[in-house]
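Here is a quick tour of one chain, from the overall fold down to a few individual side chains. Keep the viewer open while you read.

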Amino acid sequence: VAWFVAEVMPRLDPSWICLVGGAGPEWARIADAVAARGLESRVHLLGTVVERRKAALLARADLFVMPNVPVPGDAEGFGISAIEATAHGVPVLASDLEGLRDAVVDGVTGRLVPPLDIDAWRDAIRTTRMDPAAVARETRARFDWSRLVEAYLEFFRRLPAKETPR
């Protein structure tokens with residue numbers, strides 16, 4: 001997020017604002033990027049966001065960005081935040097990295113963007129427009145709990161039976 005604030009936000013039309021939820025270990029770097037670029041009026045650091053407030057924010061969001069950067073030796077996880085956003089009908093722009101590829105259906109629930117490519121991120125923000133109802137519908141179809149449970153059960157059914165000791 002610090003990279004996104006420092007490199008992409010200054011290149012967007014000033015009408016774009018960015019709300020940053022969370023209070024993790026990168027908080028100080030993000031705050032420093034906001035101050036260094038003079039973006040206090042456009043980037044708002046919200047701190048920890050409770051579930052009720054998160055739902056209210058997502059209900060009003062145009063996009064949800066996950067501008068993760070590659071870290072050698074550290075693969076990106078699944079991206080549950082992307083699923084939460086798209087379940088609310090908010091398209092996700094996510095770095096084209098490991099687990100995010102499983103959470104974002106490129107062109108359907110959002111877009112996968114090359115990590116650290118400033119122009120690609122700027123262009124994706126400018127041009128991504130998706131039907132919120134279709135985004136939510138596709139996410140529910142792919143990630144509904146009953147569907148996931150059935151997929152796990154099928155996986156376990158296919159495992160070879162282990163012999164029990166006598």
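Eight helices and five strands make up the secondary structure of the chain. This is a predicted model, and reading from the N terminus the elements go α-β-α-β-α-β-α-β-α-β-α-α-α. The C-alpha trace spans about 70 × 35 × 30 Å along its principal axes. Of the 166 residues, 34% count as buried. If you look at contacts with a separation of 6 or more, 61% of them come from residues 24 or more positions apart.

**Aromatic pairs**

A pair of aromatic rings is described by the distance of the centres and the angle of the planes. The chain has three aromatic pairs, and two of these involve tryptophan 121; here are the numbers for both.

| Ring pair | Centre distance | Plane angle | Class |
|---|---|---|---|
| Trp3 and Trp121 | 6.5 Å | 70 degrees | edge-to-face |
| Phe4 and Trp121 | 6.0 Å | 75 degrees | edge-to-face |

Planes over 60 degrees apart count as edge-to-face, so the Trp3 and Trp121 rings, at 70 degrees, get that label. The Phe4 and Trp121 planes sit at 75 degrees, so that pair is edge-to-face too.

Where do these residues sit in the chain? Tryptophan 3 is in helix 1 (residues 2-7) and tryptophan 121 in helix 6 (residues 118-127), which puts the two 118 residues apart. Phenylalanine 4 also lies in helix 1, so its pair with tryptophan 121 in helix 6 ties together parts that are 117 residues apart in sequence. Ring pairs join Trp3, Phe4 and Trp121 into a cluster. Tryptophan 3 and tryptophan 121 are both buried, and phenylalanine 4 is buried as well.

Helix 6 has other buried residues besides Trp121: Ala120, Arg122, Ala124 and Ile125. The buried set of helix 6 packs against helix 1, strand 3 (64-66), strand 4 (92-95) and strand 5.

**Helix 4 against helix 7**

Next, look at helix 4 (residues 80-87) and helix 7 (residues 132-143), whose axes come within 7 Å and cross at roughly 130 degrees. That angle makes helix 4 oblique to helix 7. On the helix 4 side the contact uses Ile83, Thr86 and Ala87, while helix 7 brings Val135, Ala136, Thr139, Arg140 and Phe143. Sorted by class, that contact has five nonpolar, two polar and one charged residues.

**Threonine 109**

Threonine 109 is in the loop between helix 5 (100-103) and strand 5 (110-113). Is threonine 109 buried or exposed? Its relative accessibility is 2%, so threonine 109 counts as buried. The side chain of threonine 109 reaches the backbone nitrogen of valine 105 at 2.9 Å. Leaving aside residues up to four places away in sequence, threonine 109 touches Thr86, Val90, Pro91, Val92, Ala103, Val104, Met130, Val135, Glu138 and Thr139. Thr86, Val135 and Thr139 also take part in the contact of helix 4 with helix 7.

**Leucine 116**

One backbone angle is worth a check. Most residues other than glycine have a negative phi. Leucine 116 isn't a glycine, yet has a positive phi of about 65 degrees. You'll find leucine 116 in the loop between strand 5 and helix 6. With 44% relative accessibility, leucine 116 counts as partly exposed.

Methods: Residues are numbered from 1 along each chain as its sequence is written. This is a predicted model: local features need pLDDT of at least 70, side-chain atom pairs count only at pLDDT 80 or more; totals for chains, interfaces and linings use all residues. Side-chain values use heavy atoms; hydrogens and water are left out. Axes are lines fitted to C-alpha atoms, for helices over the stretch in contact, and angles run from 0 to 180 degrees between N-to-C directions. Helices (H or I, at least four residues) and strands (E, at least two) are DSSP runs, numbered from the N terminus. Angles under 35 degrees count as roughly parallel, over 145 as roughly antiparallel, 65 to 115 as roughly perpendicular and the rest as oblique. Contact means heavy atoms within 4.5 Å. Ala, Val, Leu, Ile, Met, Phe, Trp, Tyr, Cys and Pro count as nonpolar, Asp, Glu, Lys and Arg as charged, and the others, Gly among them, as polar. Rings of Phe, Tyr and Trp (its six-membered ring) pair if their centres lie within 6.5 Å; planes under 30 degrees apart count as stacked, over 60 as edge-to-face and the rest as tilted. Buried means under 20% relative accessible area, exposed over 50%, partly exposed in between (1.4 Å probe, protein chains only). A polar contact is a pair of N or O atoms within 3.5 Å; within protein, one must be able to donate a hydrogen and the other to accept it, and residues adjacent in sequence count only if both atoms are side-chain atoms.
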